[in-house]
Amino acid sequence: MTKIKAEMPVLARHEGDWIGTYTLVDTSGKILDQHESHLTCQFPDNSPYPYYQINRYKWANGKQEEHQFPATYRDKILWFDTERIQGKAWEIDDSTVILWFAYKTVPEMYLYEMIQISPDNNHRARTWHWFKNHQIYQRTLIKEERLK
């Protein structure tokens with residue numbers, strides 16, 4: 001077992017492929033956007049990145065996006081520093097990972113994400129809280145299940 005899996009056992013339970021729906025809402029609950037997702041969470045061997053995530057998104061109008069998030073690991077924290085984002089993730093209990101990240105092109109904005117994994121490791125609930133100038137302005141609600 002790798003050091004990251006041993007020291008972050010909740011994160012290790014996320015390994016694999018996940019499909020779901022992202023729903024973006026404003027602070028009054030009005031839906032601003034909705035799209036499908038397919039995420040892959042990996043712990044590659046012999047890589048400079050002990051964690052690697054690929055996010056694929058698809059909208060009803062045919063739009064598609066794919067983003068890759070390699071991460072380093074130290075002190076029981078996952079560290080992201082890509083051309084797109086900077087952030088970190090850590091575990092807070094036996095089913096929850098917290099992620100903080102910011103887009104490098106929007107310095108006044110950042111997000112906190114809470115990721116809950118079910119005891120059977122087949123379902124996830126994720127919530128993003130978007131802040132601009134330290135004020136919440138929208139949320140993303142994510143429901144996912146493991147792709148078998």
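In this predicted model, Trp-128 touches Tyr-22, Phe-101, Tyr-103, Leu-111, Tyr-112, Glu-113, Gln-138, Arg-139, Thr-140 and Ile-142, when residues up to four places away in sequence are not counted. Trp-128 also belongs to the largest nonpolar core, a set of 31 residues in which Trp-128 is listed with Tyr-51, Leu-78, Phe-80 and Tyr-103 among those having the most contacts inside it. In soluble globular proteins, nonpolar side chains tend to be buried together.

The strands form a closed barrel of 10 members, running β1-β2-β3-β4-β5-β6-β7-β8-β9-β10 with antiparallel pairing. Neighbouring strands of this sheet are turned against each other by 25 degrees on average, with direction ignored.

Arg-126 lies in strand β9, which covers residues 123-132. Is this arginine, Arg-126, buried or exposed? Arg-126 counts as buried because its relative accessible area is 5%, which falls under the 20% limit for that class. Its side chain takes part in the polar contacts listed below.

| Side chain | Partner side chain | Polar contact |
|---|---|---|
| Arg-126 | Tyr-22 | 3.1 Å |
| Arg-126 | Glu-144 | 2.8 Å |

Leaving aside neighbours within four places in sequence, Arg-126 is in contact with Tyr-22, Leu-39, Glu-113, Met-114, Ile-115, Thr-140, Leu-141, Ile-142 and Glu-144.

Note on methods. Residues are numbered from 1 along each chain as its sequence is written. This is a predicted model: local features need pLDDT of at least 70, side-chain atom pairs count only at pLDDT 80 or more; totals for chains, interfaces and linings use all residues. Side-chain values use heavy atoms; hydrogens and water are left out. Helices (H or I, at least four residues) and strands (E, at least two) are DSSP runs, numbered from the N terminus. Buried means under 20% relative accessible area, exposed over 50%, partly exposed in between (1.4 Å probe, protein chains only). A polar contact is a pair of N or O atoms within 3.5 Å; within protein, one must be able to donate a hydrogen and the other to accept it, and residues adjacent in sequence count only if both atoms are side-chain atoms. Contact means heavy atoms within 4.5 Å. Two strands pair if DSSP finds at least two bridges between them. Axes are lines fitted to C-alpha atoms, for helices over the stretch in contact, and angles run from 0 to 180 degrees between N-to-C directions. A nonpolar core is a set of buried Ala, Val, Leu, Ile, Met, Phe, Trp, Tyr and Cys residues joined through side-chain atoms within 4.5 Å.
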